[in-house]
Amino acid sequence: MSSQAVSPGYVIELGFWTKLDIIAGMILFFVIVITIVVCSITPICPLFRFCPFNKKFLKNADGLQTNYGTLNTKPSNKKKVLRPYIMDIQKEVESSDYSDCNFGDHMELSLSKMDENEKDPSSTTVNGSTKTTKVGRLSYKLKYEQDLKKLTIKIIKANDLMLLEPNSLPVDNYVRIRLYRSQRSIFNFNRHKQHQSFSFDKLDLEVQTRIKRKTENPVFNEKFAIFVEEKHLKNYIMRLQMCDFDHYSCHTVKGETQSKFCEMKIFNGEEKSFDCEFTEPIEDSLGEAYICLTYLPTAEKLYFKLTQITGLPVLSKETNCTDAYVRVALMSDGRAMKKTKTSLRNATNGNPIFNETYIFDVPNNQLENIYFIISVLHHNKRDEKSGYLIGRIYVGAKFDKKSKYHWEEMVRHSRKEIGTWYKIKG
């Protein structure tokens, strides 16, 4: 057998640029690996919210449970970017890993005890009844052009607006214009009645001015054109409401003025000026919602439960019902930390039942800084992305006496479900 000689191995010599490409490729590989690891465990990274591993990490990492970042902020006028992953939210689950989550006690909020407590300092009462205070004045103009069938409403300015709390700073203000169809009656006994209730299903038009910031004497100078025939316009009532928008994103009606077009001399084609004093607003009947709150201090979980809503107005004339759903926003310092919404309920009798519970991660030291804004809406079939706002509910320690008392009872009786009825406010 002939032996075959084995040639020695060849040594491949690489050029300078080839070596540089290999080194750059290795550095790029290590940078990608380090970036993935850092983004998976560090919420500071801007790509953390898009990382597919962040949800698993938030559930398993106990270190993030007490570090909610942007919740530890004081009220400020500076613009802040809040990250939505900081507070977790989920639907109600059958079981939980925490030992104190299986609560079963339900308590009805005792309003008699609330009346015995200190009264709300923001309300002024005389002999048990609310004292009437001056809200301010509104200047506006009306003009109706018969040839064009056009009504022009010009909101000019408001003067001497009342502050909701003594020694408080002026809030943001705007004017809301609503047109209602007046109720026809054979005998006009209440024709000259100054205050009357308004039915929500008779509201045909609603517009509002731009918001004027931090002033007690806002100047609007805004015009609104409405095209309507004269014979129909005389059957309408105009309701001008002065609203404010405070630091906590709370909309409040401070005063209003009402006018019947049939009693106003505006049909001669000339522009007429009006200067009216605001009266105390009339509370609309928009229904009530039963809301339950539960806080678990060990798990730092806040349970929000919407049981049912009663007395909703009928908004769909075709089906004679209201397709209602509710948006729930957990707020802090006027900014939404987390948002969710319920499923759609078809309320033929105006009393939809939800029985939906949502769970929020809230540290113990932030209970005084957060609150809920609940918006009740009617589903708009023409536009799937938007709904018609019926009214709002504000729950937290920063609002009226009942809401504050409900919040305090939730903290005082932890692990118990505290429920009460809230009126829906327009």
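Are Tyr140 and Phe274 buried or exposed? Both residues are buried, where buried means under 20% relative accessible area, exposed over 50% and partly exposed in between, with a 1.4 Å probe and protein chains only. The model is predicted: local features need pLDDT of at least 70, side-chain atom pairs count only at pLDDT 80 or more, and totals for chains, interfaces and linings use all residues. Residues are numbered from 1 along each chain as its sequence is written, and side-chain values use heavy atoms, with hydrogens and water left out.

View 1. Strands (E, at least two residues) and helices (H or I, at least four) are DSSP runs numbered from the N terminus; two strands pair if DSSP finds at least two bridges between them. Strand 15 runs antiparallel to strand 19 (residues 370-379), with nine bridges joining them; Leu330 has Phe372 as its bridge partner there. Three bridges join strand 15 to strand 17 (residues 345-347), also in the antiparallel sense, and Asp323 is partnered by Asn346.

**View 2. The hairpin of strands 15 and 16.** Six bridges pair strand 15 with strand 16 (residues 335-341), and the two are antiparallel. Ser332 stands opposite Arg335 of strand 16. Two residues lie between the strands of this hairpin, and Asp333 takes a positive phi near 60 degrees.

**View 3. Aromatic pairs.** Rings of Phe, Tyr and Trp (its six-membered ring) pair if their centres lie within 6.5 Å; planes under 30 degrees apart count as stacked, over 60 as edge-to-face and the rest as tilted. The count comes to 11 aromatic pairs. The Tyr140 and Phe274 rings are stacked, because their centres are 5.2 Å apart and their planes stand at 15 degrees. Tyr140 belongs to strand 5 (residues 137-145) and Phe274 to strand 12 (residues 272-277), 134 residues apart. Tyr290 and Trp421 form an edge-to-face pair, 5.1 Å centre to centre with 65 degrees between the planes. Tyr290 is in strand 13 (residues 288-296) and Trp421 in strand 21 (residues 417-423), so this pair ties together parts 131 residues apart in sequence. Tyr290 counts as buried at 9% relative accessibility, whereas Trp421, at 26%, counts as partly exposed.

**View 4. Charges over rings.** A charge sits over a ring if NZ of Lys or CZ of Arg is within 6 Å of the ring centre and within 35 degrees of the ring normal. The charged end of Lys234 sits over the ring of Phe267, 5.2 Å from its centre. For Lys402, the ring is that of Tyr422, with the charged end 5.6 Å from the centre.
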